Amino acid sequence: VPMLRNLEYVGCYYITGSYKTQDYGYCVNTKNYRDLAYAVSFLPYYWRAMQCARRWLDEGDMGHLTNLGKYVSAMLAAGAKVAYEKEKSVGWLCIVVIMSSITTLYQLYWDFVKDWGLLQMNSKNPWLRNELILRRKFIYFLSMGLNVVLRLAWLQTVLHYKFGGIDYRLTGLFLAALEVIRRGHWNFY
């Protein structure tokens, strides 16, 4: 999503001619740009949801519908965040926190149980899967903890915690890098 939003910004910056006047804030402050930015944030979830729907139609495996639910819940959480950004009320903040929490729990369940085959009570490796690549089991548990922490990075987008004088775009870049780490660290196992 951050990459798509950056592409959108670069496109707006050059299409509107803002680069000539060095007006860096023009695109960000335009209502149409902000509305398009919200739509852009739905695209990855929508594409993945449609892939899951297509696989369900082709294969008939209900697991794909369950996976589709993960992306639909993410779209609902993103929609609540959009509504909250437009009307910053306590009610919308509560809805954002509730929807995002449900989505996070759904995604954590999917990560651990479905994608990685972990948290298996009857496994020969308690709470892990039967076949492990690494001998040291604690590394799997550390990775699960890291995944939980990195899945909670969305809290920064709601709380808008200021890290000193650091620009919000730098914080966004840092959060995007953490997401790359979250997605990539299981490739080693």
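**View 1. Cys 27 in helix 3.** Cys 27 sits in helix 3, residues 26-29; helices are DSSP runs of H or I with at least four residues, numbered from the N terminus. With 1% relative accessibility, Cys 27 counts as buried, where buried means under 20% relative accessible area, exposed over 50% and partly exposed in between, for a 1.4 Å probe and protein chains only. Between Cys 27 and Thr 16 the C-alpha to C-alpha separation is 8.3 Å, at 11 residues apart in sequence. The model is predicted: local features need pLDDT of at least 70, side-chain atom pairs count only at pLDDT 80 or more, and totals for chains, interfaces and linings use all residues. Residues are numbered from 1 along each chain as its sequence is written, and side-chain values use heavy atoms, with hydrogens and water left out.

**View 2. Packing of helix 6 and helix 7.** Helix 6 (residues 90-115) packs on helix 7 (residues 138-151) at about 150 degrees, with the axes 11 Å apart. The axes are lines fitted to C-alpha atoms over the stretch in contact, and angles run from 0 to 180 degrees between N-to-C directions. The two helices are therefore roughly antiparallel, a label for angles over 145 degrees. The contact, meaning heavy atoms within 4.5 Å, involves Thr 104, Gln 107, Leu 108, Asp 111 and Phe 112 from helix 6, and Met 144, Asn 147, Val 148 and Arg 151 from helix 7. By class, these comprise 4 nonpolar, 3 polar and 2 charged residues; Ala, Val, Leu, Ile, Met, Phe, Trp, Tyr, Cys and Pro count as nonpolar, Asp, Glu, Lys and Arg as charged, and the others, Gly among them, as polar.

View 3. Trp 127 is in the loop between helix 6 and helix 7, with a positive phi near 65 degrees. Trp 127 is partly exposed at a relative accessible area of 44%.

**View 4. The largest nonpolar core.** This core consists of 9 residues: Leu 108, Phe 112, Trp 116, Leu 118, Leu 128, Tyr 140, Met 144, Trp 186 and Tyr 189. A nonpolar core is a set of buried Ala, Val, Leu, Ile, Met, Phe, Trp, Tyr and Cys residues joined through side-chain atoms within 4.5 Å. Helix 6 and helix 7 are the elements that give two or more residues to this core. Leaving aside residues up to four places away in sequence, Trp 116 touches Asp 111, Arg 129, Asn 147 and Trp 186.

Terms used. Angles under 35 degrees count as roughly parallel, over 145 as roughly antiparallel, 65 to 115 as roughly perpendicular and the rest as oblique.
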